[in-house]
Structure formats: C-alpha cells, structure tokens
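Biologist: Could you walk me through this protein and tell me what stands behind the words you use for it?

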Amino acid sequence: MEIRDSLIRGSVMEQYIRQIGYIKLNGFPGGLCSDLAEITGASESLTVWNTRQDNGVMGETVCESGPGDELLIKVPFAGATLTIRLLFYLREPWMPPDMSFSDIQFLSRISTEDLEDQVPALNNWNCSEDDIIAQLLHQLLQLYKKYQLEKLDDDEVLQFEYRSLLKTLKIGEGDIEILVNSPGHNTSSLLVRLPLSLQDVPPVLIDANPGSATSLLQVTFQGNEGVFVPKLYLSPRVESLIGGANTLALPAVPPGTCLLDYVERVLELLEEKVRKAVLCFETRKQFIAQVLCQFGCAVMEYDAERFSKVVLMFEVKDFHFLTFITLGQLFPQQQAPKIVLQSLYHNSPREPYSKEYSDQKYSPQWTPEEMVRNVRDVILSNVSSFQMSSIRTN
C-alpha cells in the first residue's frame with residue numbers, strides 16, 4: 001500500500017510541476033501584471049488568515065492535513081500583492097485544493113455559492129490538465145476584481161474617477177485594477193493600462209523585446225481628499241523604444257488635480273516620446289541615404305536595420321583613412337553625428353591611430369543633406385592635421 005501511495009503521489013506531483021511550468025511559461029489571463037506572479041512551494045501546513053478566535057480577534061490557525069503539498073502564489077494587483085495559498089491532497093488528486101487568501105476581508109465576504117458559480121474549475125477539477133491551476137488562479141482573480149468593484153459603491157469619488165477613465169480612454173474593465181481601502185492601510189490604489197499604440201513604430205526598434213507593449217500607471221490615493229501619488233511602469237518592449245520609466249519626468253500633481261486630466265497628460269507624454277523615437281529613426285535613415293548618395297563607392301559598410309552607423313574609406317593626396325560616423329540615441333535633437341578618423345598606416349601602442357572630432361558646428365534644424373555636407377567639411381578641414389598627427393604618433 002505504501003509503495004502504491006508513493007507512486008500515486010509521485011505521479012500527481014509530476015502533474016503539478018508540469019502545471020506550474022505552464023503558468024511560468026504562459027502566465028494566466030485576467031491580471032494586468034499576472035505574468036509577474038511569484039510561485040513558490042511551501043513546506044508548512046496551510047494557514048487560514050481569517051479564522052476568528054474565541055475572543056473575537058482575527059488570528060491565524062494552522063490546518064493540519066494529510067500528506068500534501070502547497071503552492072504560494074503572490075499576484076500583483078493594483079500596485080499591491082494578493083497572496084493565494086493552495087493546499088493539494090496528493091493521495092486524493094481528484095479533489096480540488098484548499099485555498100486561503102491574504103486579504104482577510106475578501107476571505108470573509110466570499111461564500112460557497114460564490115465559489116461554485118464563479119470558480120467552475122473547483123467543480124470540474126482535473127489534475128491531468130496542464131492549465132487547470134492557471135484556470136483556477138484566473139477565476140479567483142476575476143472574483144477578487146468583482147469584490148473590489150462592489151466596494152466602489154462606498155466611495156463615490158473613486159467610483160466617479162473609475163467610470164470617467166473607462167469612458168474617456170475607451171478602455172475595458174480588464175484594463176483597470178482597483179483596490180479600495182487596501183488591507184491594513186487607509187489608502188486606495190488604481191492601476192490602469194494606458195492605450196499607448198506602437199502600431200506605427202518600425203518593427204526593428206522593438207522586435208528585440210518580444211513581450212507585450214504595456215504601459216501601466218499606478219495611482220495611490222492618500223486619504224479622502226483626492227490627493228494621489230503616481231508611478232509609471234513600462235514593459236521592456238516600450239522601454240527599448242523610449243527609455244525606462246525612471247528616466248521619464250512625470251507631470252507634477254498639484255492639489256486639486258483631476259485624475260482623468262492627469263492620466264491623459266501622462267498618455268500624451270508617452271505618445272510624444274514614441275513620436276520622437278520614430279522621427280529619430282526616420283532622420284537616421286535619411287542621413288544614411290544621403291551618405292550613400294554623396295559618397296557612393298567610399299562606403300565600406302553601414303547599419304541597414306537601425307541606421308546608427310556607417311564606415312567610409314577616403315583617399316586625400318595619397319593618404320588613405322577610414323571614417324566612422326555614429327548616430328547616437330539623442331541624434332538629431334540633442335547630439336551631432338560622431339565622427340572618428342582612423343589611419344590605415346599608423347598605430348598607437350595597441351590599436352590603429354584614430355581621433356574623434358566632436359568640436360563641430362551643428363544644428364538639429366538642418367536637413368539630412370545639410371548634415372552630411374557638414375560631415376564632409378569636417379573631414380576635409382581636419383584630414384591634413386590628422387595625417388601629421390598619425391605620422392608623429394607612429
């Protein structure tokens with residue numbers, strides 16, 4: 001019997017490990033940040049947070065169960081964390097897991113009928129399905145979101161802000177998470193997925209990050225005066241285009257600021273950043289095209305994807321040298337093309353002799369054609385002195 005039980009437990013454990021792997025690979029739908037959920041095993045027995053003691057004080061009780069295993073899932077929700085514990089009975093794999101939640105109020109409000117109606121995975125538990133745990137977590141998260149929306153009836157101001165965002169931004173309820181009077185704090189928070197479109201962005205600028213293009217704005221309300229503190233989150237796909245969220249200066253929040261107006265200002269800021277990134281790409285592309293037109297056969301190689309650099313070889317009075325032109329991320333508005341000349345004959349101690357020419361006149365208002373002509377002028381005005389310097393160094 002012990003051998004048989006051991007085999008059953010081992011088989012069921014393999015199924016659960018496979019299901020956890022499914023979640024880590026695919027996430028589970030329903031949460032704005034569910035792909036960031038943390039899943040760990042727990043060796044201790046299941047803790048029920050909302051057990052009421054004889055003295056009426058909420059306390060912790062340990063449920064001693066038969067041999068089993070636990071999962072501890074920390075799901076980001078509206079800027080906070082909802083912790084879910086699942087206890088599995090490995091000897092009875094057809095039984096759904098026992099559950100507990102870190103939100104005491106939520107645990108005290110849900111009923112058996114709520115679980116039966118809104119969490120069908122419990123009634124149709126099949127531990128052999130790869131996504132059964134993902135289904136369960138998704139349904140529990142939807143039940144939690146419904147519970148938070150019901151609490152909005154007690155906060156007219158927050159309810160108005162929520163409805164205004166849905167209507168004006170033309171987003172769905174799945175694009176907003178709201179936490180009303182978070183447990184243990186006299187604060188409420190809201191997390192909204194901004195409708196930032198990258199449809200017109202050249203794929204090469206974002207394809208290095210295959211994840212979703214997500215922009216999230218978290219707003220934490222302090223007290224009941226409508227004062228809030230914003231925080232921006234950007235996915236790696238968006239950050240690769242416009243920079244990290246910590247480098248963007250969010251608009252100030254003076255007293256009396258309307259949340260809807262503020263969210264629209266942040267969205268406009270991000271849209272302007274995207275527009276400038278695309279414009280920068282197009283200017284680099286036109287610059288390289290002008291190099292190809294003006295210098296033709298002198299071009300040795302160039303970046304044909306991001307158009308960030310080009311290498312040319314010139315000959316002036318029998319002196320041959322390479323020219324490296326690099327277009328940085330701040331080009332054209334805040335940075336001129338970087339020009340480096342490199343001798344084909346002379347070496348400094350460890351590498352070919354080269355020199356950068358950064359002291360040049362430049363205007364971001366120039367056309368790409370004018371920028372390339374200026375590069376030519378910089379080269380011609382410095383090549384003689386560069387040749388002499390390379391000879392002296394050698």
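Predicted model: local features only at pLDDT ≥ 70, side-chain atom pairs only at ≥ 80, totals over all residues.

Biologist: Then which residues is threonine 283 in contact with, leaving aside its neighbours within four places in sequence?

Modeller: Phe331, Pro332 and Pro368.

Biologist: Why does threonine 283 count as buried?

Modeller: Buried means under 20% relative accessible area. Threonine 283 has 12% relative accessibility, so it counts as buried. As for its place, that is in helix α8.

Biologist: And how much of the whole chain counts as buried?

Modeller: 44% of the 394 residues. The chain has 9 helices and 15 strands, and its accessible surface is about 21400 Å², with 49% belonging to carbon and sulfur atoms.

Biologist: What makes a set of residues a nonpolar core?

Modeller: They have to be buried residues of the nonpolar kinds, joined through side-chain atoms within 4.5 Å. The largest such core here has 66 residues, and those with the most contacts inside it include Leu194, Leu217, Leu232 and Phe287. α8 gives the most to this core, 15 residues. There is also a second, separate core of 38 residues, with Ile84, Ala121, Cys127 and Ala134 among them.

Biologist: Which residues is leucine 217 in contact with, neighbours within four places in sequence aside?

Modeller: Among them are Leu190, Leu191, Val192, Leu194, Leu232, Tyr262 and Val266.

Biologist: On to the largest pocket. How do you know which residues line it?

Modeller: A lining residue has an atom within 4 Å of a pocket point. The largest pocket holds about 750 Å³ of space. It is lined by 25 residues, and the closest to its centre are Leu241, Ala277, Cys280, Gln329 and Leu330.

Biologist: Which helix gives the most to the lining of the largest pocket?

Modeller: α8, with 7 residues. Both α7 (236-242) and α8 (259-295) supply at least two residues of that lining.

Biologist: What is the lining of the largest pocket like by class?

Modeller: 12 nonpolar, 8 polar and 5 charged residues.

Note on methods:
Residues numbered from 1 in each chain as written. Heavy atoms only, no water. Helix = DSSP H or I, 4+ residues; strand = E, 2+ residues; numbered from the N terminus. Buried < 20%, exposed > 50% of the residue type's maximum accessible area, 1.4 Å probe, protein only. Areas by Shrake-Rupley, 256 points an atom, 1.4 Å probe, with all protein chains shown as cover. 1 Å grid on protein atoms, 1.4 Å probe; cavity = no way out; pocket = protein on both sides within 12 Å on 5 of 7 lines; lining within 4 Å. Points joined across faces, edges and corners; volume = space filled by probe spheres on them. Nonpolar A, V, L, I, M, F, W, Y, C, P; charged D, E, K, R; others polar. Contact = heavy atoms within 4.5 Å.
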